[in-house]
Structure formats: structure tokens, C-alpha cells
Amino acid sequence: MTHVLAIDIGGTKLAAALVDRSGAVLRSSTVPTPREDVFGALTLLITEVIADGPAPVAVGIGCAGPLNLASGTVSPVNITSWREFPLRERVRELTGLPTVLAGDAQCFALGEHWLGMGGESASMLGIVVSTGIGGGLVIGGAPLLGPTGNAGHVGHMTVNPDGDPCPCGSRGCVESYASGPNLVRWALANGWTAGPSPDGAMLARDAASGHPVARATFERGARALAAMIVSTAAAIEVTHVVIGGGVANAGPVLFDPLERAMDELAGFAFVRAVEIRRSKLGVQAALAGAAKLAWSSGVATAAPPPGPHDAR
Ligand SMILES: [Zn+2]
């Protein structure tokens with residue numbers, strides 16, 4: 001049985017796993033993302049996961065963006081010590097293995113398509129609604145990455161050209177309406193109170209128990225998400241949308257108004273037919289997608305038989 005090494009890199013944790021061709025995880029480990037020497041922590045994690053196991057034949061990495069697939073470099077917003085960091089090359093040097101890289105939300109989408117809620121979809125959009133909003137497209141079973149790897153940045157689609165400026169440089173981005181921190185910010189500005197450290201989970205609980213401002217906040221965020229989804233569906237005929245991330249845990253207080261807004265905003269029959277689902281794999285989706293990226297990129301099958309390499 002051959003395996004690939006899957007790696008998921010985010011601002012809060014680093015995860016790695018040995019994954020076989022069916023998606024089964026042989027072994028895995030997770031560590032918090034340190035503030036400094038992130039690559040040192042990643043090196044220890046990789047060494048731990050591949051020690052004494054079957055040698056993997058390739059590596060797939062999902063990393064928080066922005067990134068540049070042309071150069072293999074990453075500059076994750078929440079990993080400030082990495083700017084234009086040559087991640088793909090450094091991991092290739094460390095492991096001696098063919099290495100492929102994509103965005104973490106692209107890997108989320110690919111993982112859900114492979115093992116989660118997107119299985120039979122010919123044209124799927126995966127959305128991660130969390131501190132920010134990321135996305136990835138899986139078309140005909142393959143990830144649509146774009147020339148520099150930035151396809152699927154649906155959180156920064158403008159849903160209101162006259163809206164507030166966004167840190168990305170645009171205006172009225174869906175993220176400024178529907179990300180966790182922006183939901184909380186709008187609720188607080190409109191009279192919701194929740195003690196000294198309010199968060200999205202508290203807002204979701206209050207919405208579920210009928211607090212009018214909390215409910216209105218999710219309605220507003222859901223409308224922005226629906227506007228983005230119908231636009232994406234109109235552009236590339238998405239048939240399925242899988243939504244994950246911490247904000248998706250709000251459940252019906254998010255998904256019910258989202259379905260209503262879809263009914264209102266979707267026009268053409270092919271847009272009205274879009275099916276929205278909640279993530280099945282949760283935090284494991286990006287790791288699964290990183291493994292699928294390695295399996296489907298051709299590097300795993302093209303790799304020479306595994307032998308000793310630098311990290312052993
Ligand atoms: Zn933006």
C-alpha cells in the first residue's frame with residue numbers, strides 16, 4: 001500500500017498525515033502554529049509522521065493564502081514570519097519527494113469532493129466561512145487553481161460596489177458581511193451585547209434563541225453569501241456548494257436564511273438548481289484535499305520507488 005504525505009498549514013495549527021489512495025489515514029499529527037520558526041515546527045511534525053512508517057511517494061500541501069503557485073511561495077495573512085516563503089521548494093528539499101501546493105480552501109473543496117459532501121458533483125464550490133472567507137472550485141473532479149493558484153477567492157467577490165473598503169483593497173466584499181468577526185462587529189454596532197469577549201458562537205446561540213439583532217445579523221450575512229453563490233453559479237454553472245468553517249457550525253440560523261435568499265436571488269433554472277450542503281469532514285477536509293492533490297497531480301504515480309530521503 002502506497003501513501004502520500006498530506007500537510008495542512010493554517011494560522012492556528014499545522015497538521016500532517018499519511019494517506020493512502022482510498023483516503024484512509026495511516027497516521028497523523030497536529031501542532032499549534034508557532035509565532036516564529038514555523039518551518040522548524042513543520043519539519044518536526046513531518047519527521048514524526050513519516051518516522052517508522054511506509055515512506056510516502058509524494059507530498060501535497062494546502063496552505064493559507066495568499067500564495068503563488070508559479071513560484072511555489074506563500075505569504076499567509078496569519079503567519080507573519082512567512083512572506084514570499086518558498087514553501088514548496090523547502091518541503092521538497094526536506095523530504096526528497098515530488099511536492100504539490102494549493103490554497104487551504106481549495107484543498108477544503110477538493111477534500112469534500114473526494115470524501116465528503118461533494119462526491120457526485122461535476123461542478124462544485126467549497127466555501128470556508130471562518131475568520132475570513134475562502135473558497136475553492138472542483139470542476140470535472142479536478143481543482144481549478146488558476147495561473148497563480150488564486151482561483152476561488154469568493155470571499156472577496158464584491159456584493160456591494162458601494163460597500164465598505166475591504167483590507168484586500170476592494171469594496172463591499174462578501175467577507176465584510178459574513179465572516180465571523182464581521183458578523184460580530186455588525187451585531188455589536190447594532191445593539192447586540194455579549195460581555196467582554198463576544199464571538200460568533202455566542203452570536204449564533206443568541207440567534208437560535210430568537211434575539212432580533214443576532215437573527216438580523218445572520219440574515220444579512222446569508223444574503224451576502226447568497227449573492228456571491230448565485231453570481232458564481234451564473235459564471236461557471238456550479239451545481240453543488242459545500243460550506244464549512246466555524247461559522248457553518250451556526251447551523252440553521254445561517255442555512256435557513258441562506259436558502260431563503262437563494263430562492264429570492266437565483267434567477268435562471270440552472271442557478272435555482274444549485275444545491276447547498278453543510279461540510280461533512282469539518283477540519284479534516286483540507287488535509288484530505290491535500291492528499292487528493294498529491295494523488296491526482298500525477299506526481300505520486302510518476303514518482304520513483306520510495307527510497308531513503310533527507311528527513312529520515
Ligand atoms: Zn475583499
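**Helix α1, the cores and the zinc site**

E48 lies in helix α1, residues 38-50 (helices are DSSP runs of H or I of at least four residues, strands runs of E of at least two, numbered from the N terminus). This is a predicted model, in which local features need pLDDT of at least 70 and side-chain atom pairs pLDDT 80 or more, while totals for chains, interfaces and linings use all residues. Residues are numbered from 1 along each chain as its sequence is written, and side-chain values use heavy atoms, without hydrogens and water.

With a relative accessible area of 43%, E48 is partly exposed (buried is under 20%, exposed over 50%, partly exposed in between, with a 1.4 Å probe and protein chains only). Beyond its neighbours within four places in sequence, E48 is in contact with R27 and S29 (heavy atoms within 4.5 Å).

The largest nonpolar core has 56 residues (buried Ala, Val, Leu, Ile, Met, Phe, Trp, Tyr and Cys joined through side-chain atoms within 4.5 Å). Helix α1 is among the elements that each supply at least two residues of this core, and α10 gives the most, with nine residues. A second, separate core of 44 residues includes V129, A224, V247 and L254.

The zinc ion is coordinated by H156 (ND1), C166 (SG), C168 (SG) and C173 (SG), at 2.1 to 2.3 Å (donors are N, O and S atoms within 2.8 Å of the metal, or 3.2 Å for Na, K and Ca; water is not among the atoms, so sites may look incomplete). Their spacing in sequence is H-x9-C-x1-C-x4-C.
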